[in-house]
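Below are some notes for a colleague who is looking through this model.

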Amino acid sequence: MASLQAIKYSRGKLLVLDQLRLPHEHHYDEVSTAEEAFECIRSMRVRGAPAIAIVAALAHAVELHNGGCKATTPEDTIAYIESRLDYLKESRPTAVDLSNAIALLKLAARAAKLKGLAHPEAKEAILNSYMEAAENILAKDLENNTSIGSHGAAWLQQQYDATSDRPLSVLTHCNTGSLATSGHGTALGIIRSLHAQGLLKHAFCTETRPYNQGSRLTSFELVFEGIPATLITDSMAAALFAQRRARMNIGAVVVGADRVVRNGDTANKIGTYALAVLARHHGVKFVVAAPTTSIDLETETGDGIEIEERKPEELTQISGAVVGPDGKVDTTRTARVAIADQRIAVWNPAFDVTPHALIDAIVTERGTVVKGADGRFDFSRVLPERWRW
């Protein structure tokens with residue numbers, strides 16, 4: 001099955017799909033410095049926790065490959081790499097994939113084998129160690145996403161004894177597909193895997209206000225891949241469950257995660273928490289799809305998650321292709337319009353935190369984690385190397 005590519009990379013060159021121009025225009029930006037990556041991430045031309053980490057890691061790799069580091073000693077080379085990574089970390093603080101990737105990359109730079117090497121060979125070894133680690137993040141993400149899709153589809157099939165004669169419908173929020181990752185996706189990857197196995201009846205996606213990642217991106221991916229799907233507004237989910245759950249066999253809400261903390265509390269796109277409450281009320285499973293790189297075992301509960309707040313204009317203005325008098329979309333023309341009084345005060349948190357009590361399963365590339373009898377998530381099986389009490 002064909003899939004979209006948000007990121008195209010070869011050593012020395014990184015192209016990033018400008019998602020602000022979707023669904024009407026495919027345009028790739030060349031990103032070759034940490035500053036360009038920071039702006040690309042901050043402006044949300046690329047978004048999705050895995051993709052953010054990949055773009056940051058690879059942009060700095062390109063920068064290093066192209067001679068951006070002028071240091072002459074191993075110590076100064078490592079200091080330069082770490083300073084650039086610390087700068088990139090501030091682009092989207094809520095997404096833990098980014099900080100996890102940065103920690104890994106710093107270790108890789110320091111782990112370069114320098115014994116017997118003098119400058120400039122020692123510097124070159126450090127740069128190569130960094131670039132190989134950054135490239136591995138890209139390759140590993142696609143492998144992880146495919147595994148998440150398989151584990152999640154298997155768990156849902158078991159919960160509902162789904163078959164090709166009795167397929168499941170699911171609801172998803174925000175965008176968690178190929179556009180948010182290296183490919184296949186996390187939550188959307190589960191939907192994609194269900195569809196490939198003949199177990200998906202229908203996918204519903206929310207528009208995901210205020211940035212419309214669902215209507216602009218997820219609906220685009222679903223149409224692109226021929227997956228039967230329907231777009232709803234964020235406020236229609238309760239009515240959907242009440243009126244169509246039985247007829248459409250709606251079994252789950254499947255979402256991604258920007259951060260999962262030790263007790264299972266999960267930060268994700270604003271509106272996720274409300275869906276979890278509605279799912280619990282209507283007896284619909286609530287599933288989080290997240291690679292282990294999104295799991296933060298250092299933060300005990302959701303109260304410790306920093307929630308990014310974004311500019312008011314994202315809520316009071318909107319951009320899009322112009323619709324002509326004949327009703328046709330003119331993809332060559334775009335316009336930005338005001339949809340609210342510009343003087344109104346605005347609160348615009350980018351994420352909310354869903355309490356672990358409302359989550360039924362957390363699907364990782366290493367398997368599906370469910371709550372124990374004590375109501376707690378135990379990540380020791382999927383993260384034995386990081387799990388410490």
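1. The buried residues of α8 are covered by a set of elements that includes the strands β4 (168–172), β5 (200–206), β6 (229–232) and β7 (250–255), together with the helix α9 (272–282). The model is a predicted one, and these remarks should be read as remarks on a prediction.

2. The residues of α8 that count as buried are Ala237, Leu240, Phe241 and Met248. They lie on the same side of α8, because the arc that they cover around the axis is only 95°. On the face turned away from this buried side, α8 carries the exposed residues Ala242, Gln243, Ala246 and Arg247.

3. The length of α8 deserves a look: the helix runs over residues 237–248 and has 12 residues, yet its end C-alpha atoms are only 14 Å apart, whereas a straight helix at 1.5 Å a residue would reach 16 Å. Just after α8 comes asparagine 249, which takes a positive phi of about 50°.

4. Turning to the sheet, four strands form an open arrangement in the order β11-β8-β9-β14, and the pairing within it is mixed. The edge strands are β11 (295–296) and β14 (351–354), each of which pairs on one side only.

5. Within that sheet, β8 (residues 259–261) and β9 (residues 266–269) pair in the antiparallel sense, over two bridges. Which residue of β9 is the bridge partner of arginine 259? The partner is alanine 267.

Technical notes: Residues numbered from 1 in each chain as written. Predicted model: local features only at pLDDT ≥ 70, side-chain atom pairs only at ≥ 80, totals over all residues. Heavy atoms only, no water. Expected span 1.5 Å × (residues − 1). Buried < 20%, exposed > 50% of the residue type's maximum accessible area, 1.4 Å probe, protein only. Arc of directions from axis to C-beta. Contact = heavy atoms within 4.5 Å. Pairing = 2+ DSSP bridges.
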